[in-house]
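I opened a new page in my notebook for this one. I'll jot down what I looked up, one entry at a time.

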Amino acid sequence: MKKIVILSGKGGVGKSSISASLAVSMAKDKKIVCADCDVDASNLSLLFGLKTEDYEEWKTLSTDKRAVVDEKKCIKCGKCIETCYFKAMKPVEGIPKVDEFGCEGCGACKLVCPVGAITLVDVENASVGYAKTKQGFMIASAQLRPGASGSGKIVFEVKKKATTKEPEADIMIIDSAAGIGCPVIASVTGSDAAIIVTEPTPSGYSDMKRALAVVDHFKIKRSIIINKSDLNEEMSHKIEQFCKEKDIPIIQKIPFDKAFVKAMTEMKPIIEYEKRYEKIFEEIKKRILEL
Ligand code: SF4
Ligand code: SF4
């Protein structure tokens with residue numbers, strides 16, 4: 001199974017809209033599966049018109065840990081509080097209290113406790129599930145609990161679920177989170193090709209370069225889509241020049257189109273909302289498969 005990851009350094013550039021339409025286009029002649037790896041704000045399902053109740057199972061995940069102090073064993077030495085880099089422990093009458101949202105589960109406090117009063121317990125931080133889209137292919141998705149961390153590990157679980165549910169798929173379309181943090185790195189890891197979606201704005205340009213640095217670190221074949229390309233012709237040209245110098249193919253330039261927003265409000269991929277996008281996504285598909 002080949003994995004194509006769609007990412008963008010910056011949010012709001014149309015990454016999920018493009019992922020959804022590319023999936024629909026690819027599903028015409030390939031067996032595909034989607035992995036919605038934007039686990040902090042998963043919305044790829046919405047673009048396929050799916051709701052939470054359309055998912056066949058929501059399995060609770062515990063990929064994170066949290067420190068728990070045994071007050072009976074604690075001798076109030078304060079070493080754990082001094083050690084916690086995340087300032088997630090505060091003394092209450094000498095006994096450390098753990099801030100459940102601040103604790104990163106690193107285990108440093110456990111290591112320094114002289115009496116073994118600290119243990120690390122599993123935290124239920126997300127649910128992962130799968131559904132069948134009306135277009136006929138499967139999608140795996142996750143929902144992170146509010147305030148929970150460990151989203152990189154959840155991304156691996158989403159990809160695992162997608163693989164398990166559709167082991168015979170030719171292609172997995174991975175909709176990554178925005179940014180360049182842990183969930184993005186987890187999304188990109190193991191991919192065969194990357195599409196970076198950008199827009200011609202200063203932040204779009206800057207964040208595209210940051211996303212490229214992540215992809216290049218993993219030595220993955222990469223390409224660019226400039227969405228809303230006519231918003232700022234000068235900036236668009238700058239992005240094209242940059243890509244030319246770095247030998248990065250621009251596989252499509254899509255002018256600004258309000259239809260993207262309208263399609264989203266109707267919970268449809270743009271390719272199904274406006275027929276003329278079929279040809280555009282045929283071209284994108286052809287170019288990415290050539291990579
Ligand atoms: S596990 Fe790490 S983050 Fe959590 S309280 Fe202990 S030292 Fe702090
Ligand atoms: S290091 Fe152990 S004994 Fe010392 S304050 Fe923390 S929990 Fe209590």
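**Entry 1: pairing, and what I'm looking at.** Before anything else I needed a rule: two strands pair if DSSP finds at least two bridges between them. I also reminded myself that this is a predicted model. With the rule in hand, I looked up Lys132, and Lys132 stands opposite Met138 in β9. Next I counted bridges for the two strands: β8 and β9 (residues 138-144) are joined by seven, and they run antiparallel.

Entry 2: I stayed with β8 and asked which other strand pairs with it. It's β3 (residues 57-61), antiparallel again, with five bridges. One pair I noted is Thr60, whose bridge partner in β8 is Ser127. Is β8, residues 126-132, mostly covered or mostly open? Mostly covered, as five of its seven residues are buried.

**Entry 3: another hairpin.** I moved on to β5 (residues 89-92) and β6 (residues 95-98), which are antiparallel and share four bridges. Met89 has Val98 in β6 as its bridge partner. Two residues sit between these strands, and Glu93 takes a positive phi near 55 degrees in this hairpin.

**Entry 4: stepping back.** Time for the whole chain. I found eleven helices and 13 strands. The C-alpha atoms fill a box of roughly 70 × 40 × 30 Å along the principal axes. Of the 291 residues, 45% count as buried. Then I checked contacts with a separation of 6 or more: 77% of them are between residues 24 or more positions apart.

**Entry 5: domains.** The domain assignment gives domain 1 as 2-61 + 126-290, and domain 2 as 64-123. I looked up how far apart their C-alpha centres lie, and got 39 Å.

**Entry 6: cores.** The largest nonpolar core has 70 residues. Which members touch the most others? Ala23, Ile32, Cys34, Val158, Ile173 and Ile196 do. I picked Ile173 and left aside its neighbours within four places in sequence; its contacts are Ile4, Ser19, Leu22, Ala23, Met26, Ile32 and Cys34. There's a second, separate core of ten residues, with Cys103, Cys113, Ala117 and Ile118 among them.

**Entry 7: the ligands.** Around ligand 1 I found 14 residues, the closest being Ala67, Cys84, Cys103, Cys106 and Cys109. That shell has ten nonpolar, three polar and one charged residues. Ligand 2 also has 14 residues around it, and Cys74, Cys77, Cys80, Cys113 and Ala117 come nearest. Its shell has eleven nonpolar, one polar and two charged residues.

**Entry 8: Gly78.** Last stop. Gly78 is in the loop between β4 (64-69) and α3 (79-83). Why does Gly78 count as partly exposed? I counted 14 other C-beta atoms within 10 Å of it, and buried would need 20 or more, while exposed would mean 12 or fewer. So Gly78 falls in between.

Key. Residues are numbered from 1 along each chain as its sequence is written. Chains are lettered from A and ligands numbered from 1 in the order in which they are written. This is a predicted model: local features need pLDDT of at least 70, side-chain atom pairs count only at pLDDT 80 or more; totals for chains, interfaces and linings use all residues. Two residues are in contact if their C-beta atoms, placed from the backbone, lie within 7 Å. A residue is near a molecule or strand if its C-beta atom, placed from the backbone, lies within 6 Å of it. Ala, Val, Leu, Ile, Met, Phe, Trp, Tyr, Cys and Pro count as nonpolar, Asp, Glu, Lys and Arg as charged, and the others, Gly among them, as polar. Domain bounds come from an automatic or database domain assignment. A nonpolar core is a set of buried Ala, Val, Leu, Ile, Met, Phe, Trp, Tyr and Cys residues joined through C-beta atoms within 7 Å.
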